[in-house]
Amino acid sequence: MRNGPSLVASARRSLGARLRFAAALLLGAAIYLVCLKVAEVDPAKLLAGLPRLASWAGRAWPPDFSEIDTLLLHAAQTVAMGTVGTSFAAVLAIPVCILAARNITPTIWAYYPARWLLNTLRGIDSFVFALIFVAAVGLGPFAGVLGVALHMAGSIAKLWSESIEAVEPGPLEAVTMSGASRLKVIRYALIPDVLPSLSSIMLYMWEFSVRASTVLGIVGAGGIGQELKNSVDLLQFDRLFTILLIVLAMVTLIDTTSAWLRRRLV
């Protein structure tokens, strides 16, 4: 008989959990419907635009390789923007990731401001930063480098700080108990342990930066994105197709190189 009340209570808890799940599901569906409305999703417009897309695709063949030298130069500029921007971002990320890692930050009062700074940098896209720097330093790839550097500094520092927080505390505590300074603890106990992980993250961010740099030219920050925008504005779809082929080849090569280097670090 004692099991009766417990079974009733268990059934009530199960019913309550199901009702909460159903309510959450209905709320999620309502929010999604509102998002569809706000985003002005209209399948009829897509269906109406498909013939236009098909016409453009037909006009894109064969691709126009008459300006291949200029396009390859701008593609190299895009790779340079992503590479230099990522290197600048890494330099900026080094001190911030130390402050943002709870297990090695000098003081907890520095931890939260560092985290807020990282969230700010990550929250503003490199596209937006590039737009701001175009107004500040003028048109050209330098604005793109600065945009990539600031945005990626937040992403790199966050991932680095999380890798640092995930290390085993034993070696750090052992070196600390020996009387070593904080710098020596970081140099001799922390860096050897986390360096492969930090390097892998750096390579992944470089790969991501190059992909992101392909569109920065749309705001005047140089690279292949500027040629992409010009081709779309002038309806030169055969030239646009050539640019897309170059971007695809460039991104594939970067991804393959990055993946190979990351495997070497494991």
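Reader: What should I know before I start?

Author: The model is predicted, so local features need pLDDT of at least 70 and side-chain atom pairs count only at pLDDT 80 or more, while totals for chains, interfaces and linings use all residues. Residues are numbered from 1 along each chain as its sequence is written, and side-chain values use heavy atoms, with hydrogens and water left out.

Reader: How many helices and strands are there in the protein chain?

Author: There are ten helices and zero strands. Helices (H or I, at least four residues) and strands (E, at least two) are DSSP runs, numbered from the N terminus.

Reader: And how much of the chain is buried?

Author: Of its 266 residues, 35% count as buried. Buried means under 20% relative accessible area and exposed over 50%, with partly exposed in between (1.4 Å probe, protein chains only).

Reader: What share of the contacts join residues at least 24 apart?

Author: Among contacts between residues at least 6 apart in sequence, the share is 75%. Contact means heavy atoms within 4.5 Å.

Reader: Which residues have the most contacts inside the largest nonpolar core?

Author: They are M152, I156, A157, W160, L216 and A221, in a core of 34 residues. A nonpolar core is a set of buried Ala, Val, Leu, Ile, Met, Phe, Trp, Tyr and Cys residues joined through side-chain atoms within 4.5 Å.

Reader: Which helix gives the largest share?

Author: Helix α6 does, with ten residues of this core.

Reader: What does L216 touch?

Author: Not counting residues up to four places away in sequence, L216 touches M81, S126, F127, A130, G144, V148, A221 and G222. Apart from this core lies another, of twelve residues, including L71 and I224.

Reader: Switching to T86. Where is it, and is it buried or exposed?

Author: T86 lies in helix α3, residues 68-100. It is buried, with a relative accessible area of 1%.

Reader: What is T86 in contact with?

Author: Leaving aside neighbours within four places in sequence, T86 is in contact with V148, I156, M202, M205, W206 and S209. A polar contact of 3.0 Å joins the side chains of T86 and S209. The term covers a pair of N or O atoms within 3.5 Å; within protein, one must be able to donate a hydrogen and the other to accept it, and residues adjacent in sequence count only if both atoms are side-chain atoms. A polar atom of the T86 side chain also lies 2.5 Å from the backbone oxygen of G82.

Reader: Now α5. Which residues are buried there?

Author: In α5, S126, F129, A130, F133 and V134 are buried. They cover an arc of only 145° around the axis, which puts them on the same side of α5. The arc is that of the directions from the helix axis to the C-beta atoms.

Reader: What's on the face turned away from that buried side?

Author: That face of α5 carries the exposed residues I132 and A135.

Reader: And what happens at the start of α5, and after it?

Author: At the start, a side-chain oxygen of D125 reaches to within 2.9 Å of the backbone nitrogen of F127. The helix is followed by G138, whose phi is positive, near 95°.

Reader: Last one: which residues of α9 are buried?

Author: In α9, residues 224-233, they are I224, G225, E227, L228 and S231. Their arc around the axis is only 160°, which puts them on the same side of α9.
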